[in-house]
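Reader: I'd like to learn how to read aromatic pairs in a model. Can you walk me through it?

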Amino acid sequence: MIRWISILAAAMVVGLTAMIIIGCASGDTPSQVVEKYYKAIQDNNCEAVPDLVESGRPKVLDNYVYSCKRYAGKLVSYSIKGERFEYDGRLAGVDTEVTWKDDNGVETTRSVGQTLVKTDDGWKLTTLENRD
């Protein structure tokens, strides 16, 4: 009897450990999605942007792809400054500092906030304008 209880307890520990590892490992954090976006800009890989943006919102996607193409090759650096969650964890804000060069080589640094929404596919870039 004690042997069966030990086997059952061990199986429960293994199962719970697997659930925790799988649950924590799945999906990127909002900050990681923002980092992927800025990395796509740095690498001139704007084809990667649609996977990072909330689906079903063509204008939002167009804006993010346009920004990627506009700043591709000009983004000097970026850093994540903070992350916050709102509306029961369904929306996130990621504060960043971004430095880019203009066509004359002049560097400009700005604070930029990115908004993300939690979807079935993970965190996605979005905007708060015209939300249904």
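This is a predicted model: local features need pLDDT of at least 70, side-chain atom pairs count only at pLDDT 80 or more; totals for chains, interfaces and linings use all residues.

Reader: How is a pair of aromatic rings described?

Author: By the distance of the centres and the angle of the planes. Rings of Phe, Tyr and Trp (its six-membered ring) pair if their centres lie within 6.5 Å; planes under 30 degrees apart are stacked, over 60 edge-to-face, the rest tilted. Searching the whole structure turns up 5 aromatic pairs. Take Tyr37 and Tyr64: their planes sit at 85 degrees with centres 5.3 Å apart, so this pair is edge-to-face. Tyr37 is in helix 2 and Tyr64 in helix 3, 27 residues apart (helices are DSSP runs of H or I, at least four residues; strands are E, at least two; both are numbered from the N terminus).

Reader: Which residues form one aromatic cluster?

Author: Tyr37, Tyr38, Tyr64 and Tyr78.

Reader: And what about Phe85 and Trp123?

Author: They make a tilted pair, 5.7 Å between centres and 55 degrees between planes. Phe85 belongs to strand 1 and Trp123 to strand 4, so the pair ties together parts 38 residues apart in sequence.

Reader: Is Trp123 buried or exposed?

Author: Buried, at 10% relative accessibility (buried is under 20% relative accessible area, exposed over 50%, partly exposed in between, using a 1.4 Å probe and protein chains only). Phe85 is partly exposed at 45%.

Methods
Residues are numbered from 1 along each chain as its sequence is written. Side-chain values use heavy atoms; hydrogens and water are left out.
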